[in-house]
Amino acid sequence: MSDSSSAALVAATPTPDPPPVVPETSPATTPTVQTRTEGRLRAPATDTAPPPDESTPAAAATPKKPATPGRHRPRRRPIWVGWPDEKLLDVRMCDLGLSIEGTVIERRIRDLHAELATRGITFRPHFWLSDDWFTPDDIPGVAIPFYLAHPRLARLELAQLLEVEGGTKAWCMRILRHEMGHAIDNAYCLQRRRKRQKLFGLSSTPYPEYYTPKPHSKSFVLHLDSWYAQSHPDEDFAETFAVWLDPRSVWAKRYAGWPALKKLEYLDALMAQTAGTDPLMTTRRLMEPLSSLRKTLREHYTAKRRRYGLEYPDFYDRDLRKLFSDAPEHAGNVSAAKFLTRVRRDVRRLVARWTGEYQYRIDQVLNDMIVRCEAIGLHLATPEDRAKPDFMVLLTVQTMNYLHGGRHRIAL
Ligand SMILES: [Zn+2]
C-alpha cells in the first residue's frame with residue numbers, strides 16, 4: 001500500500017473505537033449458513049512476497065499491549081465510512097487502509113486459538129486481509145476477506161452479493177475452523193502421510209471444475225454447505241478437521257456408524273501425535289494481501305457477480321405456466337411479475353438456505369423469471385397463500401436439479 005494513497009482516505013481524527021465490525025446477527029444473513037467458501041480455495045502460492053507493512057505474523061494472535069500503558073491510542077476513522085456505495089465502489093482495495101487489529105476478526109481468531117488450546121495444538125497460523133477467504137498451498141496461514149474488517153464494507157458486501165459470507169459469529173467460526181484444517185495440513189505436511197492419502201485421497205488430485213455431490217453419502221462429514229467435503233481430498237480433510245475441532249460437534253456420537261467416522265478417528269490420533277510439536281513449515285508469507293490489490297471495489301464486485309451470475313438454473317415457460325396463467329379468466333388477478341417481486345426476498349433466502357446455493361445466483365433466476373412472466377403476460381391462477389409455497393418448491397427443485405446435474409461449479 002502506498003502511504004500517500006492510504007493517507008488520502010484515512011482521516012487522522014481521533015474517534016472512539018468503532019462498534020463491532022460485523023453484526024453478530026444480521027437479519028439478512030442469519031438464516032443462511034451457506035458457504036461455498038473460499039473464493040479461490042487453495043490456489044498455488046506464486047506471488048507471495050509480503051509487503052513490509054503487512055508481514056506481521058498472526059496479526060491477531062496475541063493482542064499487543066500498548067506501547068505506553070494506560071494511554072488511549074486514537075483510532076483512525078476511514079474517510080470512506082460515510083460515503084455512499086457509488087463513491088465507495090471507486091476506492092481501490094489497496095487504499096482501504098484496513099488491518100485485522102481491533103476488529104471482530106481479531107476476536108474470532110482469539111476464539112479459534114482457545115479451541116486449539118483446548119485440543120493441545122500449539123501451532124498458530126498467520127492471518128492477513130485479502131479479497132476472499134483462502135489458504136494458499138504451501139502457506140500455513142489464512143486470508144480473510146476485507147469486508148469483515150469494517151461494518152461499512154460488510155454492508156457494501158451485503159448490497160452487492162446479498163449475503164456476507166462469514167458475517168455471523170457461528171458462520172465465521174465454521175469457515176475459520178475449515179481454513180485452519182488447510183493451514184495445519186500445510187504446516188505439518190500431513191498430505192504426505194500414507195494413511196491420510198489412503199483415507200482422504202491424494203492432495204495432488206486436480207481440483208475439478210465441477211463436482212456432483214452425493215447428498216446421502218456417509219463417507220464424508222457435513223460441515224460447510226453443498227457437501228463441500230466431496231469436492232476434493234484436501235477439502236475433505238479440512239472439513240473433517242473442522243468437525244473434529246468444533247467443541248460442539250459431538251462427532252463420535254454424530255457420526256457413529258458412518259464410514260466418515262474412520263477419518264475423524266484418524267484425525268483425532270494424528271492431532272494427538274502432532275499437537276505439541278513444532279510445525280515443519282514456518283513461512284509467514286502472504287498471498288495477495290489487500291495492500292497489493294490495485295483493483296477498485298467496483299471491479300472486484302463486477303467480476304464476482306459475473307462469476308456467480310454466469311451460470312444459474314434454467315427455467316422454462318412450461319414450469320411458469322404450471323403455476324401462473326395467461327388465460328383471460330385470470331387477467332384480473334395480480335400479475336405473476338408483481339407477485340414474484342413481492343415474495344422475492346423471502347423466497348431467495350429460503351431456497352438458498354435449503355439448497356446451499358448463492359442468494360445472488362438465485363436472485364438472478366428470480367429476476368429472469370419476473371421479466372419472463374411480464375413478457376408472456378402471466379397472472380396468478382391460485383390464491384397467493386397457495387402460490388407462494390408452490391413457487392418455492394418449483395424453484396428449489398430446479399436449483400437441486402442444477403446442483404445434482406453435474407453442473408455445480410465450485411468457486412475457484
Ligand atoms: Zn477449503
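How many residues does H7 have, and how far does H7 reach from its first C-alpha to its last? Helix H7 has 13 residues and reaches 18 Å between those two atoms, close to the 18 Å expected at 1.5 Å a residue, where the expected span of a helix is 1.5 Å times one less than its number of residues. The structure is a predicted model, in which local features need pLDDT of at least 70 and side-chain atom pairs count only at pLDDT 80 or more, while totals for chains, interfaces and linings use all residues. Residues are numbered from 1 along each chain as its sequence is written.

The chain holds 14 helices and 6 strands, these being DSSP runs numbered from the N terminus (H or I of at least four residues for helices, E of at least two for strands). Of the 412 residues in the chain, 39% are buried; a residue is buried if 20 or more other C-beta atoms lie within 10 Å of its own, exposed if 12 or fewer, and partly exposed in between, with C-beta atoms placed from the backbone. Among contacts in the chain with a separation of 6 or more, 81% join residues 24 or more positions apart, a contact being a pair of residues whose C-beta atoms, placed from the backbone, lie within 7 Å.

Helix H7 is largely enclosed by the rest of the structure, because 12 of its 13 residues are buried. The buried residues include the charged-side-chain positions Asp 234, Glu 235, Asp 236 and Glu 239, and what covers the buried residues of H7 includes H3, H5, H6, helix H8 (251-254) and H9.

One of these neighbours can be followed in detail. H7 (residues 233-245) and H9 (residues 260-274) pack at an angle of about 70°, with their axes 10 Å apart; axes are lines fitted to C-alpha atoms, for helices over the stretch in contact, and angles run from 0 to 180 degrees between N-to-C directions. That angle makes H7 roughly perpendicular to H9, since angles under 35 degrees count as roughly parallel, over 145 as roughly antiparallel, 65 to 115 as roughly perpendicular and the rest as oblique. Thr 240, Phe 241, Val 243 and Trp 244 of H7 make the contact with Lys 263, Leu 264, Leu 267 and Asp 268 of H9. By class, this contact has 5 nonpolar, 1 polar and 2 charged residues, where Ala, Val, Leu, Ile, Met, Phe, Trp, Tyr, Cys and Pro count as nonpolar, Asp, Glu, Lys and Arg as charged, and the others, Gly among them, as polar.

The axes of H3 (residues 104-118) and H5 (residues 169-187) come within 10 Å and cross at roughly 60°, which makes H3 oblique to H5. The contact is made by Arg 108, Asp 111 and Leu 112 of H3 and by Cys 172, Met 173, Leu 176 and Met 180 of H5, and by class it has 5 nonpolar, no polar and 2 charged residues.

H5 itself is mostly covered, with 17 of its 19 residues buried. Its 19 residues should span 27 Å at 1.5 Å a residue, and its end C-alpha atoms are 26 Å apart, which agrees. Following H5 is Cys 189, whose phi is positive, near 50°.

In the loop between helix H6 (194-200) and H7 lies Pro 213, which counts as partly exposed because it has 19 C-beta neighbours inside 10 Å. The C-alpha atoms of Pro 213 and Trp 227 are separated by 6.1 Å.

Technical notes: Contact = placed C-beta atoms within 7 Å.
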